[in-house]
Amino acid sequence: MGIVTVATTPQADLHDLDTSAARVEEEGDDAVRRAAGTGESSRASRHWWDRNADEYQDEHGEFLGDDRFTWCPEGLDEADARLLGDVAGRDVLEIGAGAAQCSRWLAARDARPVALDISYRQLQHSRRIDLGRGTTPVAVVQADAAVLPFADASFDLACSAYGAVPFSADTAALMREVHRVLRPGGRWVFSVTHPIRWAFPDEPGVEGLTATSSYFDRTPYVEQDEQGRATYVEHHRTIGDRVRELVVAGFRLVDLVEPEWPAGLEQEWGGWSPLRGRLIPGTAIFVAERG
């Protein structure tokens with residue numbers, strides 16, 4: 001089975017990517033705080049992840065593994081947390097799957113996962129891993145998480161480990177879509193950067209310990225080129241915003257997990273570090289069930 005591409009966002013030639021050249025182009029991008037709508041955010045995310053998928057997998061592939069289901073840089077694994085419950089025999093949708101490491105873990109436990117990502121290049125890495133292992137390929141779909149290309153009540157479970165949610169301009173619509181494709185009683189678990197981090201610089205050292213922005217400022221973070229076109233967009237919601245989005249979509253919040261930084265973990269990941277992790281939460285994991 002190849003990569004199924006669903007044209008819910010404008011398409012481009014994603015087969016021959018010069019990631020090194022694209023990375024050079026991004027070096028001059030300006031970082032600003034401004035409005036960014038659904039279409040602009042979606043296009044920016046697709047192109048950014050296509051350009052940077054190789055670098056991302058090179059840098060974080062060892063931590064992620066080929067078939068590890070970890071929720072966050074703190075290293076909380078689903079094998080220990082069991083936030084999804086029993087996955088055997090369940091149809092599972094992984095949203096913002098990247099190279100489908102989580103889906104591969106699910107498949108090894110007799111689940112039937114489908115890995116969805118907006119980035120064609122990320123899903124090519126999923127194929128690379130499957131070919132290298134000589135295992136049955138994970139089912140993958142390229143599509144926007146806010147416009148899921150599945151029938152109602154198609155899945156028992158849905159999950160996302162730092163995928164899609166922070167990059168979507170309309171996460172209320174995304175929550176409604178996940179609710180639509182889940183069966184009654186289905187569980188939806190997703191992890192995101194802890195909202196409190198929005199108030200602090202995204203730095204692993206002491207400079208990342210002083211709040212410099214308002215936690216309540218929802219203005220998106222945008223990186224843009226010289227023409228003012230967004231090349232990267234990230235959206236902020238408060239804890240209350242996330243809870244309301246879930247409830248309005250028809251979910252019941254079961255748990256909110258804030259993983260503590262584990263003793264012995266010295267690895268930094270962007271703004272995540274032992275220094276910051278021992279003082280302020282870095283990840284929020286929302287566990288919800290469909291009504």
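**Exercise 1.** Determine which residue forms a salt bridge with Arg183, and where the two partners lie.

*Solution.* Step 1: Arg183 pairs with Asp91 in a salt bridge, with 3.0 Å between the closest N and O atoms; the term denotes a side-chain nitrogen of Lys or Arg within 4 Å of a carboxyl oxygen of Asp or Glu. Step 2: Arg183 belongs to strand β7 (residues 182-193) and Asp91 to strand β3 (residues 91-95), so that the pair links distant parts of the chain, 92 residues apart. Helices (H or I, at least four residues) and strands (E, at least two) are DSSP runs, numbered from the N terminus.

The model is predicted: local features need pLDDT of at least 70 and side-chain atom pairs pLDDT 80 or more, while totals for chains, interfaces and linings use all residues. Residues are numbered from 1 along each chain as its sequence is written, and side-chain values use heavy atoms, leaving out hydrogens and water.

**Exercise 2.** Classify Asp91 and Arg183 as buried, partly exposed or exposed.

*Solution.* Step 1: Buried means under 20% relative accessible area, exposed over 50%, and partly exposed in between (1.4 Å probe, protein chains only). Step 2: Asp91, at 15%, is therefore buried. Step 3: Arg183, at 27%, is partly exposed.

**Exercise 3.** Identify the salt-bridge network that contains Asp91 and Arg183.

*Solution.* The network links Asp91, Arg112, Asp156 and Arg183. The structure holds 20 salt bridges.

**Exercise 4.** Locate the partners of the salt bridge between Glu289 and Arg252.

*Solution.* Step 1: The side chains of Glu289 and Arg252 meet at 2.8 Å, N to O. Step 2: Glu289 lies in strand β11 (residues 283-290) and Arg252 in strand β10 (residues 251-257), so the bridge ties together parts 37 residues apart in sequence.
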